[in-house]
Amino acid sequence: TAHADSRHALAARFKLATIQFRDEDYQRALDSLGELLADAPAEEPLREKILMLQGLAYFQLGRESEADHAFSAILAAFPEGLTSSSALFKMMHHYARNENWNQSIGLGHMFMDRYPGDPLAGRVQLLQSLDHLELGDFGLARDLLGKLLDKDTGSDLGEKALFLLTWSFHG
């Protein structure tokens, strides 16, 4: 069957791109992934993984706006996909790193609305609290940190929340 053969060919080409990525040959991986996106039909489930790897490769090369574009494409095409929550978290992290704290907070709200039980939810709340601290919104930051501490006491995340909560009072 031609369709099954073409799916196998796409999967083999994706495997090659992942090897290039793992070998830190990000530009070659991006070239391979771009060709894959051009050849893969819109309904091809592999597109989600292709876009995620593309976004990660762009990040590795410091091309963050292009990474955001790839992650946005995941959210648009695969809102309930396997990598969509991770894509949204990476976009949020990018905005925070570039001191666009309000945008980061907004993406955090979107994350919590879409993926409330996601394993990344605690990290999203921690990042949102850092954004609020940067903006001088100590009350909002403390509320988030308190909720995080209630939920994750004893974990690495809980320890970070406790440190930031203490710092916010005594910093």
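Hi everyone, let me start with one side chain. Setting aside its neighbours within four places in sequence, phenylalanine 111 is in contact with Ser85, Leu88, Phe89, Pro116, Asp118, Leu120, Ala121 and Val124. Please keep in mind that we are looking at a predicted model.

Let me step back to the whole chain for a moment. Taken along the principal axes, the C-alpha atoms fill a box of roughly 65 × 30 × 25 Å. Of the 171 residues in the chain, 46% are buried. If you take the contacts between residues at least 6 apart in sequence, 50% of them join residues at least 24 apart. The accessible surface of the chain is about 9,400 Å², and carbon and sulfur atoms account for 54% of that.

Now, back to α3. This helix covers residues 46-60, 15 residues in total, and from its first C-alpha to its last it reaches 21 Å, close to the 21 Å expected at 1.5 Å a residue. How many of its residues are buried? The count is 12 of 15, so α3 is mostly covered. The buried set includes Ile50, Leu51, Met52, Leu53, Tyr58 and Phe59, and also Arg47, Glu48 and Gln54. Just after α3, glycine 62 takes a positive phi of about 75°.

Next, the charged pairs. Side chains of opposite charge can pair when their charged atoms come close. Searching the whole structure gives 6 salt bridges, and I would like to show you a few.

The side chains of arginine 7 and glutamate 44 form one of them, at 3.4 Å from N to O. Arginine 7 sits in helix α1 (residues 2-22) and glutamate 44 in the loop between α2 (26-39) and α3, so this pair ties together parts that are 37 residues apart in sequence. Buried or exposed, where does each partner fall? Arginine 7 is partly exposed, at a relative accessible area of 38%, whereas glutamate 44 counts as buried at 5% relative accessibility.

Another pair is arginine 97 with glutamate 64, whose side chains meet at 1.8 Å, N to O. Here too, distant parts of the chain are linked: arginine 97 is in helix α5 (residues 84-97), glutamate 64 is in helix α4 (residues 64-77), and the two are 33 residues apart. Arginine 97 counts as partly exposed at 47% relative accessibility, while glutamate 64 is buried, with a relative accessible area of 14%.

A further salt bridge joins arginine 63 and glutamate 66, with the closest N and O atoms 2.7 Å apart. Both partners sit in the middle category: arginine 63 is partly exposed with a relative accessible area of 28%, and glutamate 66 is partly exposed at 30% relative accessibility.

Glutamate 64 turns up again if we look at histidine 94. Histidine 94 is in helix α5 and counts as buried, at 9% relative accessibility. Which residues does histidine 94 touch, leaving aside its neighbours within four places in sequence? They are Phe59, Glu64 and Asp68. Phe59 takes us back to α3, as one of its buried residues.

Last stop, the surface. Phe138, Phe163 and Trp167 form a nonpolar patch there, with about 330 Å² of accessible area together. Tryptophan 167 is found in helix α9 (residues 156-170) and counts as partly exposed, at 40% relative accessibility.

That is my tour, and I am happy to go back to any part of it.

Technical notes
Residues are numbered from 1 along each chain as its sequence is written. This is a predicted model: local features need pLDDT of at least 70, side-chain atom pairs count only at pLDDT 80 or more; totals for chains, interfaces and linings use all residues. Side-chain values use heavy atoms; hydrogens and water are left out. Helices (H or I, at least four residues) and strands (E, at least two) are DSSP runs, numbered from the N terminus. The expected span of a helix is 1.5 Å times one less than its number of residues. Buried means under 20% relative accessible area, exposed over 50%, partly exposed in between (1.4 Å probe, protein chains only). A salt bridge is a side-chain nitrogen of Lys or Arg within 4 Å of a carboxyl oxygen of Asp or Glu. Contact means heavy atoms within 4.5 Å. Accessible areas come from the Shrake-Rupley method with a 1.4 Å probe; for residues, only the protein chains shown count as cover. Patches are made of residues with over 30% relative accessible area and no salt bridge: like charges are joined within 9 Å, nonpolar side chains (Val, Leu, Ile, Met, Phe, Trp, Tyr) within 5 Å.
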